[in-house]
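Q: Take a look at this predicted model. Some of its labels deserve a reason.

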Amino acid sequence: MTHATLTRAAIAAVAALTLGACASPDEEAASPGGRSQPGSDLAAEAGSTEVEGPEPRLVVSDADSGRVDVLDLATAETLHSFQFDTPARITTVKDRYAFAVDGAGGTVHVVDGGSWTIDHGDHTHSYTKPPVELGAVEGGGPSQVIEGDDAVATFFDGDGAARVIDFAALRKDSIDVGTVVETDDPHHGIALPIADGVVASYAAADGNDSRPAGFEFHPENGEVPQRFDTACPNTHGAAVTDTDVLAACDDGLFLATTTAGAWTSEKIPYPAGIDAATRPTSFRGQGGLPIHAAAAGPADTNDGVLIFDSRTRGWTHVQTPDRVVDVAVPGDGRSVFAVLADGTFRVYDTTSGAETASSRVLAAPYDATATPPVVVVGGTRAYVSDPVSKTVAEIDFRDDARVARTLDVGVAASTLGVVGL
């Protein structure tokens with residue numbers, strides 16, 4: 001199979017992305033041992049080199065082992081392979097780090113993907129360094145990683161507790177846990193860092209159900225947690241923005257909002273026709289956007305795509321020609337991407353739900369007994385794994401969902417992440 005190779009200049013161009021606010025003082029602190037571009041107004045981090053533009057990398061986890069690879073997207077070269085004890089799923093954090101959750105639970109390996117970009121408003125700085133594991137976060141039982149605005153939280157079911165790491169610590173190559181949020185009992189829970197604290201789930205009162213029953217806000221200053229009046233039975237799937245926390249419950253969408261330090265919560269009904277078999281169980285979004293997308297139920301009972309706009313509190317229910325396996329949202333928030341069981345990649349308009357483009361990305365239709373494909377967004381490209389053929393399709397979604405190239409990754413990729421943008 002012949003594969004296209006993009007130059008670094010081309011990668012930098014297609015990776016153009018609206019980035020976050022200007023760097024914090026911690027990001028801008030000069031560090032010895034780094035190399036900056038001539039005339040740069042920002043010192044390079046120790047061990048890094050400033051480059052002309054973003055050099056994105058693809059992080060790939062293997063469904064069958066503990067292998068996690070970091071690939072240079074300009075050359076498709078594997079820069080480093082990490083070998084962990086058991087299969088891991090990847091959560092990309094701050095467009096730079098990959099939190100690899102141990103498949104057996106209890107350990108979360110923190111990998112620095114070694115490529116990142118800092119936005120200064122009228123210009124940006126991009127850096128690279130070799131990928132490296134920074135360390136591991138330890139806890140009891142299965143775990144869930146969720147990124148907030150200034151921190152990332154890992155909830156460990158067996159402890160009923162979350163470990164929270166500030167981004168400032170990560171930038172200093174430290175995974176020191178800054179805050180530990182403890183709930184009453186072990187349960188299959190989640191924690192979402194937001195504002196000046198953490199919104200964490202709590203266990204059902206009868207103790208017979210391992211799933212959460214609702215949420216409470218744990219202030220950063222250690223004050224008594226505030227429990228929300230709005231319950232959330234059988235919580236599965238959550239997301240966090242600058243001011244909102246949302247979670248999928250059996251009886252609707254839990255939405256908690258903070259305004260001037262005060263919290264309110266409400267329950268928003270699902271669209272007509274959505275029931276326990278077709279409710280969301282995970283959400284995808286982009287930092288700073290109010291748009292969240294979810295498959296309407298798991299693949300075996302799926303009924304299309306659900307799109308929620310936290311500004312309007314409104315839903316769009318997209319009926320798809322086949323079952324949805326995974327979804328993603330690009331940085332402009334105007335479209336939603338879906339990988340269908342028929343092996344196609346589809347683009348849908350966020351507001352109308354109309355299909356605007358499609359392409360074939362899987363070698364064969366999805367077999368429910370196999371590892372499901374996943375889709376992630378990196379700048380102006382989307383990446384879709386095909387675990388059966390052990391490849392990843394790179395899609396130019398601005399060009400009628402054209403498959404720009406196919407990467408032979410050599411593993412049945414179960415999760416993907418893009419860093420460096």
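Q: What makes strand S24 and S25 a pair, and in which sense do they run?
A: Two strands pair if there are at least two bridges between them. Strand S24 (residues 305–309) and S25 have five bridges. They therefore count as paired, and the sense is antiparallel.

Q: Which residue of S25 is the bridge partner of valine 305?
A: Valine 318.

Q: What is the order of the open sheet of three strands?
A: The order is S23-S24-S25, with antiparallel pairing. Strand S23 (291–295) and strand S25 (314–318) are the edge strands, because each pairs on one side only. From one strand to the next, the twist averages 20°.

Q: Why is valine 181 called buried?
A: Buried means under 20% relative accessible area. Valine 181 has 6%, so the label holds. The residue lies in strand S14 (residues 179–182).

Q: Which residues is valine 181 in contact with, leaving aside neighbours within four places in sequence?
A: Gly160, Ala161, Ala162, Val164, Val198, Ala200 and His218.

Q: Why does glycine 139 count as partly exposed?
A: Partly exposed lies between the buried cut-off, under 20%, and the exposed one, over 50%. Glycine 139 has 24% relative accessibility, so it falls in between. Glycine 139 is in the loop between strand S10 (132–138) and strand S11 (143–147).

Q: How do you know that glycine 139 touches phenylalanine 156?
A: Contact means heavy atoms within 4.5 Å. Phe156 is on the contact list of glycine 139, along with Gly106, Asp159 and Arg163. The separation of 5.7 Å between glycine 139 and phenylalanine 156 is for C-alpha atoms.

Conventions: Residues are numbered from 1 along each chain as its sequence is written. This is a predicted model: local features need pLDDT of at least 70, side-chain atom pairs count only at pLDDT 80 or more; totals for chains, interfaces and linings use all residues. Side-chain values use heavy atoms; hydrogens and water are left out. Helices (H or I, at least four residues) and strands (E, at least two) are DSSP runs, numbered from the N terminus. Axes are lines fitted to C-alpha atoms, for helices over the stretch in contact, and angles run from 0 to 180 degrees between N-to-C directions. Buried means under 20% relative accessible area, exposed over 50%, partly exposed in between (1.4 Å probe, protein chains only).
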